[in-house]
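Work through the exercises below with the model open. Each task is followed by a solution in steps.

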Amino acid sequence: MKDGGPALQTSPVIAFETGTNEWRKLDAWPPRQAVSRSLYLNPGLRASFTPPAAGGAPWEEYVSDPAKPVTFHPRPNHPIQDSTGSWARWLVDDQREVSGRPDVVSFVSSVLTAPLKISGEPLVNLIASTSGTDSDWVVKLIDVYPDEVASQPSLGGYQLMVAADIFRGRYRQSFETARPIEPHQPLPYKFALPNANHVFLPGHRIMVQIQSSWFPLYDRNPQTFVANIFWAKPGDYKKATQRIYHAPDNATFISLPVVNLE
């Protein structure tokens, strides 16, 4: 900063790494060492790096009701009056309240025996169908803590949201032109989750949650195709049966940008 002063040795990227809660100096973002690994959704609500085998159930099913949307933050929501500051921390809210709902499906991995680091954009490859003609798909990548955390008892069983986003089905073919969804047809939805720099520690598990509303962070989808959702009438809001597919020929997975820690 000063003439004649020593050169400042700064890395091109300095990124905070959640999970370990450490700052890391990197040569680039995403790190050049990141390699894509597919985390598959499997029958029995299991998440695994092994693709689904033949013979299992081809899908998981839930009913999405616009009259009872999944909230993005535990009620009540008081963003201004909330003296606890909990609303401001919604991105790291415990997701257990959500995972217990019948209109949310949660796929969980086995307990990790070694750390797993991801750095970059997780890419969602979702195969899903709806009985309606429009639908939202919310996908969350979650770090599930062990049932007991001796150093921080409040984190026992905590479900920490690492990355999440929503995709509105009407834009599956084009973001410029909205189109209705063909009912009951398994269709691919591909989209990126926000960048993450996180380590899933040994003893933790990886969870993928999928739901069809995230209210009031996003407006409710009537689940009936209309020209403009803001003009939807009360009669347009209908329940829909949603299916998430995990068959060998219709596999749902998230491509994780994994960095080898060895």
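**Exercise 1.** Find how strands β1 and β2 run and how many bridges join them.

Solution. Start with strand β1, residues 13-17. Then take strand β2, residues 22-26. The two strands run antiparallel, and five bridges join them. Keep in mind that this is a predicted model.

**Exercise 2.** Which residue in β2 stands opposite F16? What do β1 and β2 form?

Solution. Go to F16 and look across to β2: W23 stands there. Four residues lie between β1 and β2, and the two strands form a hairpin. Stop at G19 in the turn: its phi is positive, about 95 degrees.

**Exercise 3.** Count the cavities of 30 Å³ or more. Then describe the lining of the largest cavity.

Solution. The count is three cavities. The largest cavity has a volume of about 60 Å³. Its lining has one run of T71, F72, H73 and P74, plus D93, D94, Q95, E97 and V98. Now sort the lining residues of the largest cavity: three are nonpolar, three polar and three charged.

**Exercise 4.** How much space lies in the second largest cavity, and which residues line it?

Solution. The second largest cavity holds about 50 Å³. Its lining includes S64, P66 and D136. Sort the lining of the second largest cavity by class: three nonpolar, five polar and three charged.

Methods: Residues numbered from 1 in each chain as written. Predicted model: local features only at pLDDT ≥ 70, side-chain atom pairs only at ≥ 80, totals over all residues. Heavy atoms only, no water. 1 Å grid on protein atoms, 1.4 Å probe; cavity = no way out; pocket = protein on both sides within 12 Å on 5 of 7 lines; lining within 4 Å. Points joined across faces, edges and corners; volume = space filled by probe spheres on them. Nonpolar A, V, L, I, M, F, W, Y, C, P; charged D, E, K, R; others polar. Pairing = 2+ DSSP bridges.
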